[in-house]
Amino acid sequence: MKIKLTSIYVDDQEKALGFYTGVLGFTKKADFTNGPFRWLTVVSPDDPDGTELQLALNDNPAAKTYQQAIFKQGQPALMLFTDDVKADHERIKANGGTFAMAPTAVTGATIAQLNDTCGNLIQLSQLARW
């Protein structure tokens with residue numbers, strides 16, 4: 001078994017697509033519409049056949065409540081791993097990203113958190129090399 005797809009709720013799919021591609025640097029993988037439903041995914045340009053991230057509209061009341069609650073608690077909705085969190089922090093800032101937490105050393109990693117502008121906190125993590 002392997003994970004091929006995971007989802008994150010967003011309050012605006014078009015805005016989310018702009019953030020995840022233009023600010024973070026992901027690539028659009030799928031974009032299909034069926035009536036009011038839009039299936040929208042992005043992938044890492046380094047692994048175009050790898051795990052897809054669905055940018056799912058939070059139009060379900062339970063989804064919206066969940067998304068708002070974890071944001072309010074300061075809990076990231078998504079964790080992305082990087083080999084150089086400081087370089088990615090600078091690149092993302094240069095692309096217009098807003099960070100809630102600059103790169104910070106914690107036990108076993110250096111992390112940073114940013115706002116995806118669509119209702120979520122995203123954590124960037126660089127594992128410590130022992």
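Me: What does Phe-37 count as at 46% relative accessibility?
Reply: Phe-37 counts as partly exposed, that is, between buried (under 20% relative accessible area) and exposed (over 50%), with a 1.4 Å probe and protein chains only. This is a predicted model, in which local features need pLDDT of at least 70, side-chain atom pairs count only at pLDDT 80 or more, and totals for chains, interfaces and linings use all residues. Residues are numbered from 1 along each chain as its sequence is written, and side-chain values use heavy atoms, leaving out hydrogens and water.

Me: How many aromatic pairs are there in the whole structure?
Reply: The search finds 3. Among them, Phe-19 and Tyr-20 are edge-to-face, with ring centres 5.2 Å apart and planes at 80°. Phe-37 and Trp-39 form a tilted pair, at 6.5 Å between centres and 35° between planes. Rings of Phe, Tyr and Trp (its six-membered ring) pair if their centres lie within 6.5 Å; planes under 30 degrees apart are stacked, over 60 edge-to-face, and the rest tilted.

Me: And Phe-19 and Tyr-20, buried or exposed?
Reply: Both Phe-19 and Tyr-20 are buried.

Me: Turning to H2, which residues are buried there?
Reply: Ala-63, Gln-67 and Ile-70 are buried in H2, a helix covering residues 61-72. Helices (H or I, at least four residues) and strands (E, at least two) are DSSP runs, numbered from the N terminus.

Me: What do those buried residues pack against?
Reply: They pack against strand S1 (5-10), where contact means heavy atoms within 4.5 Å.

Me: Which residues are exposed on the other side of H2?
Reply: Pro-61, Ala-62, Thr-65 and Lys-72 are exposed there.

Note on methods:
Expected span 1.5 Å × (residues − 1).
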